[in-house]
Amino acid sequence: LEICPAGYYCNPTYTLTACQEGDYCPEGTGSKNLCAAGNYCPDVYTQTACPDTVQVGYYCPEGSVIYQACDKGYYCPNSTTRIQCPDNVTCDTQGKYTIINCEIGSFCTNESSNAESYACSGFSETLYCPEGTISTTPPLCPAGYYCSTPVDKVQCASGSYCAEGTKTEAKCAAGYYCPNSTVQLSCAAGSYCPEGSTSETQCEVGSYCNTTKQQITCGPKYYCPASSTSQDFCPQGYYCTTPSKITLCSPPAYCPEGSISNDSCTAGYYCPNTTTTIQCVSGQFCEAGSTNYSICPAGFYCPLPSNKLSCSGTAGSYCPSASTTIGSCPGGYYCVNSSSSPIACNLSQYCPEGSSNWTLCEKGKYCPQTNVQLECPAGKYCNTGSNSAVDCPLGFYCPNASVRIDCPEGYYCNDGSISPSVCSAGHYCPNGSIEELCDTGDF
């Protein structure tokens, strides 16, 4: 079903009839329609209200194509009413809107010739009293205007608020907006309205409005979406390079509340997710960016969970896993490198603490245990690799524990001798022998 076009009216059978001068036929008009009283229609598409100009009476009866001043001999209190002047009143000019000669700057209570007249000055409110003002109450300066005197009415500018009775034009107050000069509305939370606003302004991304009067830029570490009423820290698990940009953190980052960058988990800690950080304990190693802890590896020591150092530069060191200091290879063992397990020394070998290889027990000393080396006592003989101190053997003398000498001829050397003894009378002592008794008849 089609809509009747503008400039025509259509009966129920959709017969188009062109509108005539003085008609008003917008789109969809169903019957002949005269321009409404109080309006004028310069064409069949447009209907405009008659002007309401101060001190001029206009008259726009039904079907008007132009507005016109009230005719001579009549007065027009409004644009739809035309009244013939009585015989005792002269109406010899156009545009008369009252027959009461109420003077400018005063108002009259009614339209009779004996109406009381009041001066518009001296009231606490601001009045507006053009010539011929009729009112039963003091006529306030109308809303949307300001009246510096009772006879001066000026329309308020956009962004101003002029309530009824305004004397001086004032801007719309901060925290409010004025879509026109007669209305002042509260600004909604999350918006701001500086002085003179005609509409609400949404608080921008990166700013917050803790009052409706102003917008404040958010500081670093904060995130402020549109319509924020406070600045809040960038939430954990996210980072905010600016207060207007929020980005999800990605592992191995750790992003606590207020983060401004996607920083890796700090050395000495591990971060199983972007919102949790756990301090590593002694014996663990956690480099920057760790999502889990690891044990300090063999061959290294970790004085702090964030610091891993090699043991290989120190001879005889031994650093098993979880070491926090450089350890010495234990006594009785030798350590070829710092990460291998210690190797047990054999009998006859001497391996003090910190040994990087085995050595034979020194000559003149004995090693009852592989990590203990003792001086051989006097009268004892300790060859290289000895694990016990033994007496200097029969037929020898040992001036010290590392030297064993054959006993010379004419001398004898018992077990444990440290020097040879002269062979006794009646005895004989062959080289490297002991003292023996001479046979009968020998000398």
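**Exercise 1.** How many disulfides does the structure hold?

*Solution.* Start with the cut-off: a disulfide is a pair of cysteine sulfur atoms within 2.5 Å. By that rule, the structure holds 25 disulfides. Keep in mind that this is a predicted model, where local features need pLDDT of at least 70, side-chain atom pairs count only at pLDDT 80 or more, and totals for chains, interfaces and linings use all residues. Residues are numbered from 1 along each chain as its sequence is written, and side-chain values use heavy atoms, with hydrogens and water left out.

**Exercise 2.** Work out why the disulfide of Cys-4 and Cys-10 is right-handed, then do the handedness of Cys-120 and Cys-129.

*Solution.* Step one: the sulfur atoms of Cys-4 and Cys-10 sit 1.9 Å apart. Step two: the torsion about their S-S bond is about 75°, so this disulfide is right-handed. Now the other pair: the sulfur atoms of Cys-120 and Cys-129 are 1.6 Å apart. Here the torsion is about -95°, so the link is left-handed.

**Exercise 3.** Are Cys-120 and Cys-129 buried or exposed?

*Solution.* Buried means under 20% relative accessible area, exposed over 50%, and partly exposed in between (1.4 Å probe, protein chains only). Both Cys-120 and Cys-129 come out buried. Cys-4 and Cys-10 are buried too.

**Exercise 4.** Find where Tyr-14 sits and say why it counts as partly exposed.

*Solution.* First, look in the loop between β1 (8-10) and β2 (16-18); strands here are DSSP runs (E, at least two residues), numbered from the N terminus. Next, Tyr-14 has a relative accessible area of 34%, so it is partly exposed.

Notes
Helices (H or I, at least four residues) and strands (E, at least two) are DSSP runs, numbered from the N terminus.
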